[in-house]
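Colleague: Please take me through the pockets of this model, one at a time.

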Amino acid sequence: MQAKAAQSAESDAEVTLALRIASAGAARDVEAETALYRHLAPRVRRYGLRHLRDASAADDLMQQVMLLVLDQLRTGRVREPERVVSFIFGSCRTLVVAMHRKESRRESLLERHGEMLASSDITIAPRHDHERVARCLDALRERERSVLLMSFYDEKPAWEVADELGLTAGNVRVIRHRGIAQLRRCVESGRELAA
């Protein structure tokens, strides 16, 4: 009885969050989006582990489903936001079927054409110059360095980086693109960037 009450309260919270996200529209309710993600992402990951039996695939499923659901809620394409949990697990089922189909196709192609693939020598590891990359990263301007670190080290999406730095998501993508180009030039040339 107590477990049912807790589950109902949790469902009520998720419905409330979904309705907040849907009603915010373009203004976006980041707090509600974050809370909904925290409520449901672990459940989606467990679903992925149970049906895909692979932690990386479950993580991919979790990210795809949660991005899809948040986008659909924001743009008003979820007809019944109060049934957000059903929508999420319906999306999970659809994506799992698609992932299984893709894997089956890949296996079939490998079975038929695998012997034609050239085998590569996996004993030769690529050489990474970590010190040069670190020096080049330090030589970037503060804004470019912050955007790159938040994007790739913290694995934050453009909108989240934008919120934290007071930029637009489009601006973050441009800064990230230019920062990567500068970093690449610096690493390839072996010289520090001129600030």
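Colleague: Which residues lie nearest the centre of the largest pocket?

Modeller: This is a predicted model, where local features need pLDDT of at least 70, side-chain atom pairs count only at pLDDT 80 or more, and totals for chains, interfaces and linings use all residues. Residues are numbered from 1 along each chain as its sequence is written, and side-chain values use heavy atoms, without hydrogens and water. A pocket is an open set of points on a 1 Å grid over the protein atoms alone where a 1.4 Å probe fits, with protein on both sides within 12 Å along at least five of seven lines; lining residues have an atom within 4 Å of a point. The largest pocket has 19 of them, and nearest its centre lie Tyr37, Glu155, Pro157, Trp159 and Glu160.

Colleague: Which element gives the largest share of that lining?

Modeller: Helices are DSSP runs (H or I, at least four residues), numbered from the N terminus. Two or more residues each come from helix H2 (30-52), helix H3 (55-74) and helix H7 (158-165). The largest share, eight residues, is from H3.

Colleague: How many residues of the lining of the largest pocket are charged?

Modeller: Asp, Glu, Lys and Arg count as charged, Ala, Val, Leu, Ile, Met, Phe, Trp, Tyr, Cys and Pro as nonpolar, and the others, Gly among them, as polar. The lining holds seven nonpolar and three polar residues, and the charged ones number nine.

Colleague: Which element gives the most to the lining of the second largest pocket?

Modeller: Its lining includes Leu52, Asp60, Met99 and Arg106. H3 and helix H4 (84-113) each supply at least two residues. With six residues, the element that gives the most is H4.
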